[in-house]
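Work through these exercises with the model open beside you. Try each task before you read its solution.

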Amino acid sequence: MDSLFEASEQSNLERAKPLAARMRPTNLTEFAGQQHFLGEGKLLRRLLQADRLGSVIFYGPPGCGKTTLAQLLATETKSTFRQLSAVTSGVKDLREVLEAAQNELRGGGDRTLLFIDEIHRFNKAQQDALLPDVENGVITLVGATTSNPFFAVNNALTSRSTIFQFEPLSVEDIEQLLDRALHDQFKGLGRYDVTLTDEARAFIAEVSDGDARRALSILEIGVLSSQSFPLEFNRHLAEESIQRKAMQYDAGGDEHYDVTSALIKSIRGSDVDAGIYWLARMLEGGEDIRFICRRLVILASEDIGNADPHALSVAVACMQACEYIGLPECQLTLCQTVAYLACAPKSNASTIAINEARSDVRSGRTIPVPRALRDKHYSGAKQFGHGEGYKYAHNHEDGVAAFDYLGVEKNYYNPVDRGFESELLRRLEIIRAKLRQSDQ
């Protein structure tokens with residue numbers, strides 16, 4: 001009788017779990033995505049086949065299978081699976097697990113695969129406590145993090161681990177998971193008479209952003225909240241079953257740098273729509289408005305420059321306006337500025353010019369200031385010959401004198417033939433030709 005009650009209790013516990021937890025794969029064949037390192041012939045698959053799995057760090061967004069794959073690795077390597085959360089576990093918890101792993105090995109038992117979720121939240125002391133047992137092979141460490149481990153995890157630990165970067169699941173992967181959940185009679189929703197329309201399937205797969213948990217949650221809410229069956233699960237039902245998604249955006253971490261980079265590169269590439277999207281991502285993620293403004297002001301000089309001299313004025317005005325009015329209204333000013341900068345003609349001539357000049361200053365012989373350009377407004381300057389031979393530009397035709405202001409022939413600034421710089425290019429050709437007529 002006890003076994004019957006136990007089986008019933010186990011079944012009830014299983015059904016109480018969310019659909020995403022019930023649908024976790026039980027072997028590598030069922031695992032979706034990450035074929036760039038788990039497919040046949042790829043590194044992780046080779047490590048398993050050679051029985052040489054060492055400590056690894058899984059890095060990627062939520063819902064892409066980090067925890068699930070860690071459990072499957074324990075099964076594949078015949079290891080005891082132990083799990084800690086860096087959010088709730090301290091050094092004492094960690095040492096207890098490590099001591100148990102050592103005792104298991106001494107008694108001839110299995111190795112322990114220790115999975116640490118959010119490993120980047122362990123402090124340095126906690127991460128250092130792992131090192132001896134990682135090096136000695138007492139445990140197989142699998143650390144999971146949503147933050148770039150090269151920023152968030154100690155160098156000593158990353159250098160002893162193989163890092164695998166997880167990608168969000170593809171639309172096709174998500175669609176397959178949805179279909180499998182609908183047809184699975186025991187773990188899934190197969191006991192319900194549900195037909196998922198193609199439009200709803202594609203919509204869920206798209207809005208879930210590669211997060212399997214989110215996709216399965218939408219499906220489960222839609223089915224369990226419906227009153228009558230058979231059920232046609234259409235797009236409208238899918239929309240009604242979606243909670244507002246929590247934007248993954250760490251303003252001090254990896255996502256901050258990646259989205260900022262995407263914004264700058266989109267504007268530089270003149271893709272106004274991409275620029276506005278990445279701006280929206282930053283705003284939804286709670287990015288510091290002052291930081292966005294600073295980046296736009298820098299870009300106005302770095303990537304547009306004199307091809308459109310007004311770009312800098314627009315960016316500076318945006319910064320001032322955002323300071324005055326704040327959110328939510330300043331999103332309009334930011335969008336206007338991103339659109340202007342993206343559509344402006346581009347030139348990095350100023351960027352190249354100052355970089356080359358500073359490189360020459362750092363690495364070459366310092367050019368002395370020509371005597372004619374030296375300050376002559378102090379007592380004794382005349383006896384040194386300061387200012388002698390200087391030609392006052394306003395006394396010459398076009399305001400340009402035939403004079404050598406540098407002492408060596410060097411062209412740092414080379415305008416592009418775009419926007420206003422095309423006009424500067426033509427002017428500069430005339431100016432440089434006259435300057436070179438200097439007899440000094």
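**Exercise 1. Two helices**

At roughly what angle do the axes of helix H6 and helix H7 cross?

Solution. This is a predicted model: local features need pLDDT of at least 70, side-chain atom pairs count only at pLDDT 80 or more, and totals for chains, interfaces and linings use all residues. Residues are numbered from 1 along each chain as its sequence is written, and side-chain values use heavy atoms, with hydrogens and water left out.

Step 1. Find the elements. Helices (H or I, at least four residues) and strands (E, at least two) are DSSP runs, numbered from the N terminus. H6 covers residues 91-106, and H7 covers residues 124-136.

Step 2. Take the axes. These are lines fitted to C-alpha atoms, for helices over the stretch in contact, and angles run from 0 to 180 degrees between N-to-C directions. The axes of H6 and H7 come within 10 Å and cross at roughly 10 degrees.

Step 3. Classify the angle. Under 35 degrees is roughly parallel, over 145 roughly antiparallel, 65 to 115 roughly perpendicular, and the rest oblique. H6 is therefore roughly parallel to H7.

Step 4. List the contact (heavy atoms within 4.5 Å). H6 brings Val91, Leu94, Arg95, Leu98 and Gln102, while H7 brings Gln126, Ala129, Leu130 and Asp133.

Step 5. Sort these residues. Ala, Val, Leu, Ile, Met, Phe, Trp, Tyr, Cys and Pro count as nonpolar, Asp, Glu, Lys and Arg as charged, and the others, Gly among them, as polar. The contact of H6 with H7 has 5 nonpolar, 2 polar and 2 charged residues.

**Exercise 2. The largest core**

Which residues touch the most other members of the largest nonpolar core?

Solution. Step 1. Learn the terms. Buried means under 20% relative accessible area, exposed over 50%, and partly exposed in between (1.4 Å probe, protein chains only). A nonpolar core is a set of buried Ala, Val, Leu, Ile, Met, Phe, Trp, Tyr and Cys residues joined through side-chain atoms within 4.5 Å. In soluble globular proteins, nonpolar side chains tend to be buried together.

Step 1. Pick out the members. The largest core has 27 residues, and Leu178, Leu196, Ile204, Leu219 and Phe233 touch the most other members.

Step 2. Trace the elements. Those giving two or more residues to this core include helix H10 (171-183), helix H11 (198-207), helix H12 (212-224) and strand E7 (231-233). H12 gives the most, with 6 residues.

Step 3. Zoom in on phenylalanine 233. Beyond four places in sequence, its contacts include Leu196, Ile204, Leu219 and Ala238.

Step 4. Look elsewhere. A second, separate core of 25 residues includes Leu263, Leu279, Ile304 and Val338.

**Exercise 3. Buried or exposed?**

Is glutamine 127 buried or exposed?

Solution. Step 1. Glutamine 127 is in helix H7.

Step 1. Apply the cut-off. Its relative accessible area is 2%, so glutamine 127 is buried.

Step 2. Find its partners. Beyond four places in sequence, glutamine 127 is in contact with Ile119, His120, Phe122, Ala152, Val153, Asn154 and Leu157.

Step 3. With a relative accessible area of 35%, arginine 160 is partly exposed. Setting aside residues up to four places away, arginine 160 touches Ser55, Leu131, Val134 and Glu135.
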